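Please examine the sequence and the three-dimensional structure shown here. The explanation after them is meant to be read with both in view.

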Amino acid sequence: MILQEEMTVLSNVKIAPRVFRMVLQGEMVLDMNLPDQFLHIRVPSPDKVLRRPISISEYDRKAKTCVIIYRVEGPGLADVSQMISGQKLDVMGPLGNGFNLNMPFPKQKALIIGGGIGTPPLVQLARDLVAMGVAVSVLLGFAQKSAVILESEFAAVASELKIVTDDGSYGRDGNVGVLMDEIDVMAFDAVYACGAAGMLRAVASRTVNHPNAFISMEARMACGMGACYACVVHVGGDETGQQALKVCDQGPIFRASEVVI
Ligand code: FES
């Protein structure tokens, strides 16, 4: 069920340059049940009418709280970054299909790959998998040391955590493709990735034969509910270019081989 609610801001803290962590409280949290669903938030400014899609990083149904982590890219989210505890944020959600965990995990192992601001929704995913008894290996890539976020959150649950930075200022030097080349992806029941398009392409090219490789796609959105076709991605192998999938309600999670990245 999609709800609209004035959620209460409990905190809104800068955790890296231009990156903020906001805790929200409201009834909507009771409807959150899969990792990497998203919220469509209305910027608190009368001249900004379009909502912004932000992934849910984690949620706690008991406390009716959820966490969103967002990077300020323009004036809209700059306004959100100024919000303080006690203010209300107009939110639609939870939207999107989320990572489906309803599949067998015979090897009890999953691989999670995140890049930059794509890492937040993978926190809930990692926790949910570990709660199911599945061991998670986590590979994270960031531009540089100052952009590294959520290391302790992943370290708390991961069996293995490796970090790379583009400039080598933290962890290994390079990108997650380098780390993937050092492991056998087929040893994992499932591979999950969220990050920039270049990173997703690197994951897709290394999981071609994997039966359960999933990626979370980003797209510009308007309605957020499947009505406007602002967010389409094209279907892999469709030579007509006519087949399209809507990221907002048919995604954001797709099989890595399913869409053109
Ligand atoms: Fe309108 Fe996806 S944003 S269809």
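The paragraphs below treat the sheet, the nonpolar cores and a group of cysteines in turn.

The model is predicted; local features need pLDDT of at least 70, side-chain atom pairs count only at pLDDT 80 or more, and totals for chains, interfaces and linings use all residues. Residues are numbered from 1 along each chain as its sequence is written, and side-chain values use heavy atoms, with hydrogens and water left out.

Consider the sheet. Helices (H or I, at least four residues) and strands (E, at least two) are DSSP runs, numbered from the N terminus. Two strands pair if DSSP finds at least two bridges between them. Seven strands make an open sheet of mixed pairing, in the order 10-9-8-7-11-12-15. Strand 10 (172–173) and strand 15 (253–255) are at the edges and have a single partner strand each, so one side of each is left without a neighbour in the sheet. Strand 15 pairs with strand 12 (residues 213–216) in the antiparallel sense over three bridges; Ser216 has Ile253 in strand 15 as its bridge partner. Helix 2 packs on the sheet, where it touches strand 7, strand 8 and strand 11, and its direction makes about 170° with that of strand 7. Here contact means heavy atoms within 4.5 Å, and axes are lines fitted to C-alpha atoms, for helices over the stretch in contact, with angles from 0 to 180 degrees between N-to-C directions.

A nonpolar core is a set of buried Ala, Val, Leu, Ile, Met, Phe, Trp, Tyr and Cys residues joined through side-chain atoms within 4.5 Å. Buried means under 20% relative accessible area, exposed over 50%, and partly exposed in between (1.4 Å probe, protein chains only). The largest such core has 32 residues, of which Ile112, Leu129 and Tyr192 touch the most other members. Helix 2 gives the most to this core, with five residues.

Finally, UniProt, in an unreviewed entry, places the feature "binding site" at Cys223, Cys228, Cys231 and Cys248. These residues span 26 residues in sequence, yet no two of their C-alpha atoms are more than 10.1 Å apart, so they gather at one spot. UniProt positions are given in the numbering used here, feature names are shortened, and annotations may be inferred rather than shown by experiment. Cys228 is partly exposed, at 35% relative accessibility, whereas Cys231 is buried, at 3%.
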